[in-house]
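I opened my notebook with a plain plan: aromatic pairs to begin with, then a sheet, then a core. Here is the model I looked at.

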Amino acid sequence: MTACAIEPSADPGNGGGPRAGCSITAEGAYAARLARSDEGGDSWYPERWTLDGPEPYAVPLPGNQPEEPGTEVQPMGDGRVLVHRVAAGRHVFALLYPTGPGTGELPLGAVECPAEATGVRLLPPAPDGERAYALAAGPRSTVLWQVAGGAFGPERVAEIPGRCSGGVWLDRTGRILAVDRETGGRTKAVVVDLERGGEVSPLLQIAPDSDDRLLLADPDSGLVLIRSDAPSPGRERLGWGVLGSTLPVRFPECLRLPDCVVTPFAVQPGQVLTPERCAVALRVDGAFGSWVGVWRPAERQVRHLPAPEGWLTGAGLWTPDGELRLPCSTPRSPCGVARLAAPDVPATGTGGERPEEPGEPGGPADPGNPEDSAPEDSASGGPGEPGEPGVTDTPAAAPAPARPRPVPLQQAPLARLVTK
């Protein structure tokens with residue numbers, strides 16, 4: 001049986017963007033990465049970082065033999081590290097933990113990968129920190145596996161028609177998962193309800209012939225970051241929307257950086273009902289290296305910041321009060337965290353020119369004419385049908401239907417789905 005290959009330099013969870021330097025738990029207490037041995041070469045070992053103490057510190061977790069460069073590692077909420085190895089055509093999972101001077105290992109079992117499958121990869125850490133999931137994509141369907149936190153090793157959760165990638169959690173309980181599903185040559189983000197046997201429902205469709213991927217979501221505010229070629233056929237652009245909102249997805253011109261790959265990697269939490277004020281951290285990769293961008297939907301500019309020395313590129317988290325924490329490793333400081341404060345957002349947006357948008361989360365508003373009040377850099381179609389979960393748009397060429405009265409985020413369709 002052929003092993004499924006894993007490409008270490010690209011991450012399907014970022015819509016094919018570059019892989020992050022480490023993985024961080026949802027609450028930010030732990031991180032894990034594959035570190036290179038002091039001897040150099042291709043000798044690798046898992047390493048756990050503790051981030052919620054007075055000072056960050058790292059614990060090496062080497063096994064009986066070096067890890068392969070493509071081995072996936074993921075921190076769990078209790079401090080153990082999940083490791084995903086490929087051996088003899090099987091995907092083997094285990095939990096690592098420190099035991100004095102050595103490393104303890106709890107085998108969890110293996111997942112067989114059919115020869116025609118494209119790979120098995122871990123999804124981002126689950127919000128509860130107790131479970132872990134993986135996608136096994138095949139040519140016609142994708143199997144969702146729970147690989148940690150179950151009673152009897154890896155458990156098959158659901159089989160989803162189509163080839164799935166990505167993976168974004170839409171709630172704080174680990175029930176609602178969004179994945180990017182390719183069917184008929186097009187990719188659309190869909191919702192998978194884990195408490196309903198993997199029930200699948202539409203989430204994001206901007207135009208019938210566009211590829212629409214979900215990159216990040218913040219359950220507190222409902223802010224979502226997407227990548228789509230709808231506004232520029234053949235060229236993907238970054239956009240933002242609000243789960244359950246009747247307003248269209250927006251594609252700010254400031255997020256178009258020529259000759260650069262822009263990948264959002266963290267959203268400021270805790271901004272309940274104010275998605276336009278959420279700070280978003282961007283990884284920018286260009287000809288001269290990688291750096292950090294900070295952007296808010298309320299602003300029309302990206303603030304560019306030099307990457308701190310030794311940044312585990314693409315990894316980081318926001319605190320609710322607006323501090324961006326970036327894990328870094330240098331010879332002088334093997335385990336460190338750079339702290340950057342997000343600039344204050346003006347009440348009216350950059351330059352004071354941002355008009356108020358009817359129906360922004362926070363309460364009902366007179367819808368008026370949303371096209372008159374939309375920012376100049378927005379581009380999208382009409383709203384989704386009432387009752388559909390998530391962010392939906394119709395093709396720009398379609399006649400605009402009558403817009404329903406906007407509703408608060410807590411009454412949005414996806415919120416109702418989550419609380420059933």
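**Aromatic pairs.** I looked for aromatic pairs and got two. The rule takes rings of Phe, Tyr and Trp (its six-membered ring) with centres within 6.5 Å, and calls planes under 30 degrees apart stacked, over 60 edge-to-face and the rest tilted. Tyr133 and Trp169 make a tilted pair, at 5.6 Å centre to centre and with 55 degrees between the planes. This pair ties together distant parts of the chain, 36 residues apart: Tyr133 sits in strand S12 (residues 132-137) and Trp169 in strand S15 (residues 163-169). Strands here are DSSP E runs of at least two residues, numbered from the N terminus.

My cut-offs were under 20% relative accessible area for buried, over 50% for exposed and partly exposed in between, with a 1.4 Å probe and protein chains only.

Phe265 and Trp311 form a tilted pair as well, with 5.7 Å between centres and 50 degrees between planes. Phe265 belongs to strand S22, while Trp311 lies in the loop between S25 and strand S26 (317-318), 46 residues apart. Phe265 is buried at 13% relative accessible area, and Trp311 is buried at 7% relative accessibility.

**A note on the model.** The model is predicted, so I kept local features to pLDDT of at least 70 and side-chain atom pairs to 80 or more, while totals for chains, interfaces and linings use all residues. Residues are numbered from 1 along each chain as its sequence is written, and side-chain values use heavy atoms, leaving out hydrogens and water.

**The sheet with S22.** I followed S22 into an open sheet of four strands, ordered S22-S23-S24-S25 with antiparallel pairing. S22 and strand S25 (303-305) are the edge strands, each pairing on one side only. S22 and S23 pair in the antiparallel sense over six bridges; strands pair if DSSP finds at least two bridges between them. Within this pairing, Val262 stands opposite Val284 in S23.

**The core.** Which residues touch the most other members of the largest nonpolar core? Among its 17 residues, they are Leu223, Leu225, Leu255, Val267, Val280, Leu282 and Trp295. Such a core joins buried Ala, Val, Leu, Ile, Met, Phe, Trp, Tyr and Cys through side-chain atoms within 4.5 Å.

I then listed contacts of Leu282 (heavy atoms within 4.5 Å), not counting residues up to four places away in sequence: they include Leu255, Phe265, Trp291 and Trp295.
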